[in-house]
Amino acid sequence: SENVFDHWINSMREILDNPSDDALEFIADFKANLFSEEIYVYTPKGDMKILPKGATPLDFAFDIHGDVGKKCIGAKVNHKLVPLSYILSSGDQVEIITSNKQMPKEAWLEFVVTSKARSNIKQALKEEIKKFASDGKEMLTRKLNSLKVNITDKNLSELVKLYELKDPLELNFQIAKGKIDL
C-alpha cells in the first residue's frame with residue numbers, strides 16, 4: 001500500500017542521513033529494509049507503527065524517537081513487562097519505560113533489527129567513548145607532565161604500540177576506564 005511505501009522511503013532516508021563508515025554494513029541495512037516483512041504494533045494511545053519482522057521493544061522505542069530509545073530501560077507488551085530482546089508480533093501494544101540515567105549498551109546491537117536503532121546505538125556508544133577518551137587524555141597529560149615528559153605524537157604512538165592498541169583514542173579510553181594503570 002502507499003502507506004507502507006512511504007514508511008519504507010522514510011526508513012531509507014534515515015539510513016542515508018546517518019551514513020555508516022562501513023559500506024558493506026550500509027548495504028546489509030538497505031537490503032534488510034528492502035526485503036523485510038512487516039509487523040504492525042501500537043502505542044498505548046493506539047497509534048500504529050510499522051516495524052520489520054523480528055523487531056524488539058528497543059526497535060519500537062527508537063522508531064518513536066532516538067532519545068526514547070537511548071533512555072529505554074524496559075517495556076510492557078500487552079500490559080506485561082518483557083525484556084528488551086522480546087520479539088514483537090503484529091497487534092501488540094507496546095509501552096516503553098525510560099530513565100534519564102540509562103545509556104545505550106553494546107549488547108543492544110545483538111537484538112535490534114532496524115537500521116535506525118542500530119545507527120543510534122552506535123552513535124551513542126561512539127559519543128561515550130569520546131567522552132571517556134577525553135577524560136583519559138587529561139589523566140595521561142597530567143601524568144606525563146608530572147614526569148616532565150613532553151607530549152608528542154611520537155610519544156603517544158610509542159604508548160599505543162606498547163599497549164598493542166589501534167590508536168591514541170583507544171589508549172585514552174583504556175586509561176579512563178582504568179584498564180591501563182598510569
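Residues are numbered from 1 along each chain as its sequence is written, and side-chain values rest on heavy atoms, with hydrogens and water left out.

H5 itself has 32 residues and spans 46 Å from its first C-alpha to its last. That is close to the expected 46 Å at 1.5 Å a residue, where the expectation is 1.5 Å times one less than the number of residues. The structure holds one salt bridge, defined as a side-chain nitrogen of Lys or Arg within 4 Å of a carboxyl oxygen of Asp or Glu. The partners are Glu138 and Arg142, with the closest N and O atoms 3.5 Å apart. Because they sit four residues apart in helix H5, Glu138 and Arg142 are separated by about one helical turn. An α-helix has 3.6 residues a turn, so residues three or four places apart point the same way. Glu138 is partly exposed, at a relative accessible area of 47%; on this scale buried means under 20% relative accessible area, exposed over 50%, and partly exposed in between, using a 1.4 Å probe and protein chains only.

Helix H7 covers residues 168-177, and its buried residues are Leu171, Asn172, Phe173, Gln174 and Ile175. These buried residues pack against helix H5 (115-146) and helix H6 (153-162), with contact taken as heavy atoms within 4.5 Å. Pro168 is also found in H7 and is partly exposed, with a relative accessible area of 36%. The C-alpha atoms of Pro168 and Lys137 are separated by 8.8 Å, although the two residues are 31 apart along the chain. Just past H7, Gly178 takes a positive phi of about 85 degrees. In the loop between H6 and H7 sits Glu164, a residue other than glycine whose phi is positive too, near 55 degrees. Glu164 counts as exposed, at 72% relative accessibility. For context, most residues other than glycine have a negative phi.

Now for the strands. Three of them make an open sheet in the order S4-S3-S5, with antiparallel pairing; two strands pair if DSSP finds at least two bridges between them. Strand S4 (80-82) and strand S5 (94-98) are at the edges with a single partner strand each, so one side of each has no neighbour in the sheet. On average, neighbouring strands of this sheet are turned by 35 degrees against each other, direction ignored. Strand S3 (residues 72-77) pairs with S4 in the antiparallel sense over three bridges, and Lys76 stands opposite Leu81 in S4. Helix H3 (residues 57-64) packs on the sheet, touching S3, S4 and S5, and its direction makes about 80 degrees with that of S5. Such angles run from 0 to 180 degrees between N-to-C directions, the axes being lines fitted to C-alpha atoms, for helices over the stretch in contact. The loop between S3 and S4 contains Asn78, which has a positive phi of about 55 degrees despite not being a glycine. Asn78 is partly exposed, with a relative accessible area of 36%.

Strand S1 (residues 38-42) and strand S2 (residues 48-52) form an antiparallel pair over five bridges, with Ile39 opposite Leu51 in S2. Their hairpin has five residues between the strands, and in it Gly46 takes a positive phi near 95 degrees. Thr43 lies in the loop between S1 and S2 and counts as buried, at 11% relative accessibility. Leaving aside residues up to four places away in sequence, Thr43 touches Lys49, Phe60, Gln93 and Val94.

As for confidence, the protein chain averages a pLDDT of 85, and 86% of the residues score at least 70; pLDDT is the predictor's confidence in each residue, from 0 to 100. Among the elements of the chain, S4 has the highest mean pLDDT (96) and helix H2 (residues 23-35) the lowest (60). Where pLDDT is low, the predicted coordinates should not be read in detail.

Definitions and conventions. Helix = DSSP H or I, 4+ residues; strand = E, 2+ residues; numbered from the N terminus.
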